[in-house]
Amino acid sequence: MFREVNGLPGHVLVVHAAVVLVPLLALLSVAYGVLPRWRPRMGWAVAVLAVLTPIVTWVATESGEELEEVLRSRGYPPEGLQKIHEHSEYGENLLWFTVGLAMAALLLLLVTSGLARTRNLPRWLPLVLTAVVVVLAVFALIYVYLTGDSGAKMVWSGIV
């Protein structure tokens, strides 16, 4: 399922969506947390990104594992497979930070929604969730950079 799309490795196509959506989720969820006046205008975008981004990141990770298996089965050189494995590890970490960020962003949306059930929550809860969102966003941005950079270096240096 994740191996090819119209004859091209699926990873090559999906990875670009992750490279765009992860930073968007990180930046918009942080902005939502630290700029309360913008919340009514940004909430829908954060919600959509919080649902879509982990899915796209998961598909990128799965398609990358498929590509790695194809290269391994074709007898790819061990030094190239080691670089691919490092890239894969960055991608796995990125996936988990993206899932955590998305969950924290959705919780922040929920506690700031103004629903009757959320009015009795402690006033400090949105601040704590914003801090969690900021920390997870920083890690997601670091790992999207590390993952993308390691992948691009492999492509442009002819390893893959």
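User: What share of the 160 residues in the protein chain is buried?
Analyst: Buried residues make up 38% of the 160 residues, where buried means under 20% relative accessible area, exposed means over 50% and partly exposed lies in between, with a 1.4 Å probe and protein chains only. This is a predicted model, in which local features need pLDDT of at least 70 and side-chain atom pairs count only at pLDDT 80 or more, while totals for chains, interfaces and linings use all residues. Residues are numbered from 1 along each chain as its sequence is written, and side-chain values use heavy atoms, with hydrogens and water left out.

User: And the accessible surface, what does that come to?
Analyst: The accessible surface of the protein chain is about 9,600 Å², and 69% of that belongs to carbon and sulfur atoms; the areas come from the Shrake-Rupley method with a 1.4 Å probe, and for residues only the protein chains shown count as cover.

User: What pattern does the chain follow along the sequence?
Analyst: The pattern reads β-β-α-α-α-α, from two strands and four helices, these being DSSP runs numbered from the N terminus (H or I of at least four residues for helices, E of at least two for strands). The C-alpha trace spans about 60 × 25 × 20 Å along its principal axes, and among contacts (heavy atoms within 4.5 Å) between residues at least 6 apart in sequence, 77% join residues at least 24 apart.

User: Which residues have the most contacts inside the largest nonpolar core?
Analyst: They are Leu-25, Tyr-32, Leu-101 and Leu-108, in a core of 28 residues. Helices α1, α2, α3 (78–111) and α4 (125–156) each supply at least two residues of this core, and α3 gives the most, with eight. A nonpolar core here is a set of buried Ala, Val, Leu, Ile, Met, Phe, Trp, Tyr and Cys residues joined through side-chain atoms within 4.5 Å.

User: What does Leu-108 touch?
Analyst: Leaving aside residues up to four places away in sequence, Leu-108 touches Ser-29, Tyr-32, Gly-33, Pro-126, Leu-129, Thr-130 and Val-133.

User: Now Thr-57, is that one buried or exposed?
Analyst: Thr-57 counts as buried because its relative accessibility is 2%. Thr-57 is found in helix α2 (residues 39–73) and, again not counting residues up to four places away in sequence, touches Ala-18, Val-22, Leu-94, Leu-95 and Thr-98.

User: Switching to charges, how many salt bridges does the count come to?
Analyst: The count comes to three, taking a salt bridge as a side-chain nitrogen of Lys or Arg within 4 Å of a carboxyl oxygen of Asp or Glu. Glu-68, Glu-69 and Arg-72 are linked in a network of such bridges: the closest N and O atoms are 2.8 Å apart for Glu-68 and Arg-72, and 3.9 Å apart for Glu-69 and Arg-72. Glu-68 and Arg-72 both lie in helix α2, four residues apart, about one turn of the helix, whereas Glu-69 and Arg-72 in α2 are three residues apart.

User: How accessible are Glu-68, Glu-69 and Arg-72?
Analyst: Glu-68 is buried at a relative accessible area of 8%, while Glu-69 is partly exposed at 45% and Arg-72 is partly exposed at 39%.

User: Where do Lys-153 and Asp-149 sit?
Analyst: Lys-153 and Asp-149 are in helix α4, and because they are four residues apart they are separated by about one helical turn. Their side chains meet in a salt bridge at 3.2 Å, N to O, with Lys-153 exposed at a relative accessible area of 53% and Asp-149 partly exposed at 25%.

User: Which residues form the nonpolar patch on the surface?
Analyst: Val-5, Leu-8, Val-12 and Leu-13 form that patch, with about 310 Å² of accessible area together. Patches are made of residues with over 30% relative accessible area and no salt bridge, with like charges joined within 9 Å and nonpolar side chains (Val, Leu, Ile, Met, Phe, Trp, Tyr) within 5 Å. Leu-13, placed in helix α1 (residues 10–34), is partly exposed with a relative accessible area of 40%.

User: Last topic, which residues does the UniProt "transmembrane region" annotation cover?
Analyst: The unreviewed UniProt entry gives residues 12–35, 42–61, 94–112 and 124–146; positions follow the numbering used here, feature names are shortened, and annotations may be inferred rather than shown by experiment. In the model, residues 42–61 are 100% helix and 0% strand, with end C-alpha atoms 28 Å apart, and residues 94–112 are 95% helix and 0% strand, with end C-alpha atoms 27 Å apart.
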